[in-house]
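Colleague: Could you walk me through the pockets of this protein, with a close look at the largest one? I am new to this, so please take it step by step.

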Amino acid sequence: MADREVRRGDRVVKLSSADRVLFPDDGVTKGDLFDYYAAVAPVLIPHLRDRPFTMKRYREGAQGPVFFQKQAPKGMPDWIPTRQFRTYQRDGKTTRLVDFPLVNDDLALLWMVQMHCIDMNAWYSRVDKPDRPDFVLFDLDPPDEEGGFELAIEVAHLIHELLEEVGLPGWVKTSGADGIHVVAPIQRRSSFEDTYAFAEQAARLLERRHPGKLTTEWLKKKREGVLVDHRQNGHGKTIASVYSVRPKPGAPVSTPLRWEELTPDVRPRQFSMDVALKRIEEHGDLFEPTLHEARPLKTAARALARLG
């Protein structure tokens, strides 16, 4: 597979080392990844556009070490826009100003592949309202035991039912790694503190309703059931975007599903790059409604409070 380039007028992305194998057990190369993202860009870019982007770089392939890079690197093409935001370190006190890249078109996306990004990670909010998230995320982490993912599927449906109870739409996708993401789009009026509180209250209500099936317990040794991690709703948090390839065996893709498709036999590894593209051809972007079907969170939060 020869090295190649994609050009739009004066803008160009050159792919080097196209034959380099990124997934050794599967023979998936850097060129394969480049071709996939070129094909999926029309449906992926709307989910990344105008969101501060964190580069998650795998210089030695999917099984090698990874490092996160928030600051736009030196040498990044000047046609990739950036926006500056203040970030906080783990101690909650130390801050720095960071120029985040924005992946707003296919060339920016392909440049990220050239820079060894396998999955595409961006904020829950957009640059015009960075403190106002677009959605509440329910991040499901199955237990490491037989039947763990089947239990996560059951919990995802319980979350969907609760969202319907309180008047929020919910869409589901495989994380592409080991879990499930349920996304509830909201109007950009609420804060990250609001989405955090809503996700926590919803998870704790389901924890009481269905003991043993799900937990909000962070310590793994104390967990029983599927972790519903409300902590992922926070300012500056990132999520592997829908249609991202994940650094797991088989190069699985974070794939949106219809709720009726989320049956007990579903497994993340079923959704390869080829399968994801065929599904888009057949169904279109099943996650497209998350960009438009926003509802007010305050109304849902009041309904949730009444449920106890």
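Modeller: Happy to! A pocket here is an open set of grid points with protein on both sides within 12 Å along at least five of seven lines, and its lining residues are those with an atom within 4 Å of a point. Keep in mind that this is a predicted model.

Let's begin with the largest pocket, which has a volume of about 1,600 Å³. It is lined by 47 residues, and those closest to its centre are Phe68, Asp139, Gln232, Lys237 and Thr238. Several elements give two or more residues to this lining, among them strand S5 (53-57), strand S6 (67-69), strand S7 (82-88) and helix H3 (148-166). Strand S10 (135-141) is also on that list, and S10 gives the most, with four residues. Sorted by class, the lining of the largest pocket holds 15 nonpolar, 16 polar and 16 charged residues.

For context, here is the second largest pocket, with a volume of about 410 Å³. Its lining has 25 residues, and His47, Arg51, Phe135, Thr290 and Leu291 lie nearest its centre. Helix H1 (30-48) supplies the largest share of this lining, three residues, while S9, strand S12 (180-185) and S15 each supply at least two. You can find S9 (121-123) and S15 (238-240) among the elements that line the largest pocket, too. By class, the lining of the second largest pocket has 14 nonpolar, five polar and six charged residues.

Definitions and conventions. Residues are numbered from 1 along each chain as its sequence is written. This is a predicted model: local features need pLDDT of at least 70, side-chain atom pairs count only at pLDDT 80 or more; totals for chains, interfaces and linings use all residues. Side-chain values use heavy atoms; hydrogens and water are left out. On a 1 Å grid over the protein atoms alone, a cavity is a set of points where a 1.4 Å probe fits but cannot get out, and a pocket is an open set with protein on both sides within 12 Å along at least five of seven lines; lining residues have an atom within 4 Å of a point. Grid points are joined across faces, edges and corners, and a volume is the space filled by probe spheres set on the points. Ala, Val, Leu, Ile, Met, Phe, Trp, Tyr, Cys and Pro count as nonpolar, Asp, Glu, Lys and Arg as charged, and the others, Gly among them, as polar.
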